[in-house]
Amino acid sequence: MSELNNNTAPQQNEELQNIVCPENLVHSKPALLNDQTMHYCPGCSHGVVHKLIAEVIEEMGMAEKTIGVSPVGCAVFAYRYIDIDWQEAAHGRAPAVATASKRLWPDRLVFTYQGDGDLGCIGTAEAIHALNRGENITIIFVNNAIYGMTGGQMAPTTLLGMKTATCPDGRQADLHGYPIKMTELAAQLDGTAYVTRQSVHSVPAIRKAKKAIRKAFENSMAGKGSNLVEIVGTCSSGWKMTPEKANAWMEQHMFAHYHVGDLKDTEVNREPVKL
Amino acid sequence: MSKIKGAVVVDVDRCKGCNLCVVACPTQTLALTTNEVNHKGYVYSYMAQPDSCIGCSSCAIVCPDGCISVYKTKPATAKPAVVADKVEIVSGVAPLVNNVPVEEEREVVLMKGNEAIAHAAVRCGCDGYFGYPITPQSEVLETLAELKPWETTGMVVLQAESEVAAINMLYGGGGTGKRVMTSSASVGIALMQEGISYMAGAEVPGVIVNVQRGGPGLGTIQPSQSDYNQATRGGGNGDYNVIVLAPNSVQEMADFVDQAFELAFKYRTPVMILTDGVIGQMMEKVVLPPYKPRRTEAELVAECPWASNGNGLKQRGVNVVTSLELDPVEMEKKNLQLQAKFKKIAENEVRYETVGCEDADYLIVAFGSAARISEKAMSLARERGIKVGLFRPITLWPFPEAEIREISKTMKGVLTMEINAGQMVFDVRAAVESQIPVAHFGRLGGIVPDPEEVVNALVEKLVK
Ligand code: SF4
Ligand code: SF4
Ligand code: SF4
């Protein structure tokens, strides 16, 4: 940890130094999120989601009983940053990998971490069937409507009109089809226990997203069925915006198509909620 | 008491200057540096107005890189820092204490090769089977569904949504150190190649049964041996090999399952049992292997310290099952390690059988069902006064190259009999190094040659 950075007068500085002591610590990086610098671009939503997952696993005391399954995409190296056991899956196959791990280790917390291309395109079959079988796993689905790692191509969730490297004039329904709503689909499946869409662009949103991840993980351990937590995120590099602008753009455009909130919570109601 | 309520410490080296904390701070405490950069060249966040911090944690919550620690003067209403909440653990389908049937059945039973595979899996302590129905091997999954091993040994049986999913379930299960297997037929095995390559790359053990049918494409549901090349050359992308065992009887179908698991775990690599519709569908007498309990968690962890299952993480550090490595130097090293492993397998695991080679002038090389037919052809030929011997490779990879070279030294010619257009023949030619003629005979389209045809081919191509 670095020294206190500020531009204050010596006396004030001393006062601050006094505040910075272990008893006063109220928030810091979860220990499970290790010291390696993440390879994500500045402001990337993946970082926040990683942090939340690490916090929840830590708070549940499950560090030695968790198997994470990482995807192909920007989060391919998720296994470098959270200090739990990981399996790196082939593109789209994480739910199949997680299915076997969970069935063979029922007392483990098994989750997949997938992007929109991984879950909503190449891996739809594995995702839908794992969710429909009610595998006691959680899928964390980060949807930023673009292929970040390969340089900003169209994703299955790219919004109509949104420009990407492979739809430079904007996505058009007649040429490229429509943005897919995986989470709405998942809510229709009898195997799912908790299906929700969250975001991580503000303090209240992050608090809610963390609660959602916690609930999904607890459901998995209680054997209630499959859980899907979609996080609508930003990709400032792919969208060619500053992180701040990306957040604002997301609120304005992404939320209009991808409504945030719980879509299904079998504790409350078996039927999916129409958002 | 101080009027300053809170303070933050920014891990400058982690900070990427994304500005999100600056925006999130309700008291405008933070700013990005304008001239100074960290060792990665990013401007970074600092307390520009330190006396206004209220210790609300907003900045730390939004920081994607976990750079900020927040301190607050009045400790928040005594909330225990990190408490492990109680987690209810659901009783699972795969208990690790096994109810292994006590009495050992060693009686002779009559069953199909595919059924023998299923029985053998349950008996040899297999933890999980994942498969997708396809002719001519569906009896494997059907038999398991009838045996219900989840009620006895705790073995998991799951019908996957595709062969692609099935092989990735194998990757997942094998990656946690469990003994897992799948079965399919040619068309489905083609779909599995991606997963098999991942298993070889990530060094994940697992057993794959291929009950071959004719191709190419959807081809036919009739038997064939035309996946020889695919099986013995790895089959997927990258430099790797899969250990390939070729049973020639229902008994060997049963026996090879456990042997395949032993090899898979000894070398941390996928092992294929390459059979075909003839052996899979044929009914024969078989003595099933004795029951062997599934490994306990402690036994598994001792055997597979590399496996990704959480057990012992604090002592051993993180286990990651992956085939990915972007650093070329590291990746070459990884590949060389794999190659060294394959070399070791080639040196130690070659298996074959010879019949009547001592006095033979001609050699037939055949595997699996073709070897059964060739054995008959051999006796027919001897009735006609042609001294023929049979060499049956049991491991197709590693291929018994040196053994064939040695044995062929006293022969006048070699015939490979394969139910394909001529695939193993190239390996046999490489083995005998052109000392003597090596011919191929086979039928295609799902037609299984009869022994008479084989003798005629031998006479025509080699004896004349
Ligand atoms: S490309 Fe986009 S998703 Fe990938 S790390 Fe950068 S900001 Fe994040
Ligand atoms: S949010 Fe984190 S990474 Fe971004 S500027 Fe602030 S401290 Fe740096
Ligand atoms: S703790 Fe709150 S007030 Fe202090 S710098 Fe962070 S966001 Fe601003």
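**Exercise 1. Ligand surroundings**

Task: How many residues surround ligand 3, and which are the closest?

Solution. The model is predicted: local features need pLDDT of at least 70, side-chain atom pairs count only at pLDDT 80 or more, and totals for chains, interfaces and linings use all residues. Residues are numbered from 1 along each chain as its sequence is written, chains are lettered from A and ligands numbered from 1 in the order in which they are written, and side-chain values use heavy atoms, with hydrogens and water left out.

Step 1. A residue is near a molecule or strand if one of its heavy atoms lies within 4 Å of it. Ligand 3 is surrounded by 14 residues, and the closest are B:C25, B:T27, B:C53, B:C56 and B:C59.

Step 2. For the classes, Ala, Val, Leu, Ile, Met, Phe, Trp, Tyr, Cys and Pro count as nonpolar, Asp, Glu, Lys and Arg as charged, and the others, Gly among them, as polar. The shell around ligand 3 has nine nonpolar, five polar and no charged residues.

Step 3. Around ligand 2 stand residues of chain B, among them B:C15, B:K16, B:C18, B:C21, B:C63 and B:C67. Eight nonpolar, three polar and one charged residues form this shell.

Step 4. Ligand 1 has residues of chain A around it, including A:C41, A:C44, A:H46, A:C74 and A:C235. Its shell divides into five nonpolar, five polar and no charged residues.

**Exercise 2. The contact between the chains**

Task: State how many residues each chain brings to the contact, and what area is buried between chain A and chain B.

Solution. Step 1. With contact taken as heavy atoms within 4.5 Å, chain A brings 85 residues and chain B 94 residues.

Step 1. Buried area is the accessible area (1.4 Å probe) that two parts lose on being put together, summed over both. Between chain A and chain B it is about 7,200 Å², of which carbon and sulfur atoms give 61%. A:E64, A:L104 and A:W105 supply 10% of the area that chain A buries against chain B, more than any other three residues.

Step 2. Strands (E, at least two residues) and helices (H or I, at least four residues) are DSSP runs, numbered from the N terminus, and two strands pair if DSSP finds at least two bridges between them. An open sheet of three strands runs in the order β1(A)-β4(B)-β1(B), with antiparallel pairing. Its edge strands, each pairing on one side only, are β1 (25-27) of chain A and β1 (6-10) of chain B.

Step 3. Strand β4 (residues 68-72) of chain B is joined to β1(B) by five bridges. One pair is B:A7 with its bridge partner B:Y71 in β4(B).

**Exercise 3. The seven-stranded sheet of chain B**

Task: Give the strand order of the open sheet of seven strands, and identify the helix that packs on it.

Solution. Step 1. The order is β7-β6-β8-β9-β11-β10-β17 (chain B), with mixed pairing. The edge strands of chain B are β7 (156-159) and β17 (395-397). From one strand to the next, the twist averages 20 degrees.

Step 1. Helix α6 (residues 186-202) of chain B packs on the sheet and touches β8 (180-184), β9 (206-212) and β11 (270-276) of chain B. The direction of α6 makes about 160 degrees with that of β9(B), where axes are lines fitted to C-alpha atoms, for helices over the stretch in contact, and angles run from 0 to 180 degrees between N-to-C directions.

Step 2. Strand β6 (residues 128-131) of chain B runs parallel to β7(B), with four bridges between them. B:F130 has B:L158 as its bridge partner in β7(B).

**Exercise 4. Backbone exceptions**

Task: Which peptide bonds are cis, and where is B:K148 found?

Solution. Step 1. Most residues other than glycine have a negative phi, and most peptide bonds are trans.

Step 1. The bond from B:G215 to B:P216 is cis, with omega near -5 degrees; B:P216 lies in the loop between β9 and α7 (228-232) of chain B. The bond from B:W397 to B:P398 is also cis, with omega near 0 degrees, and B:P398 lies in the loop between β17 and α14 of chain B.

Step 2. B:K148 has a positive phi of about 45 degrees although it is not a glycine. This residue is found in the loop between α4 (139-147) and β7 of chain B.
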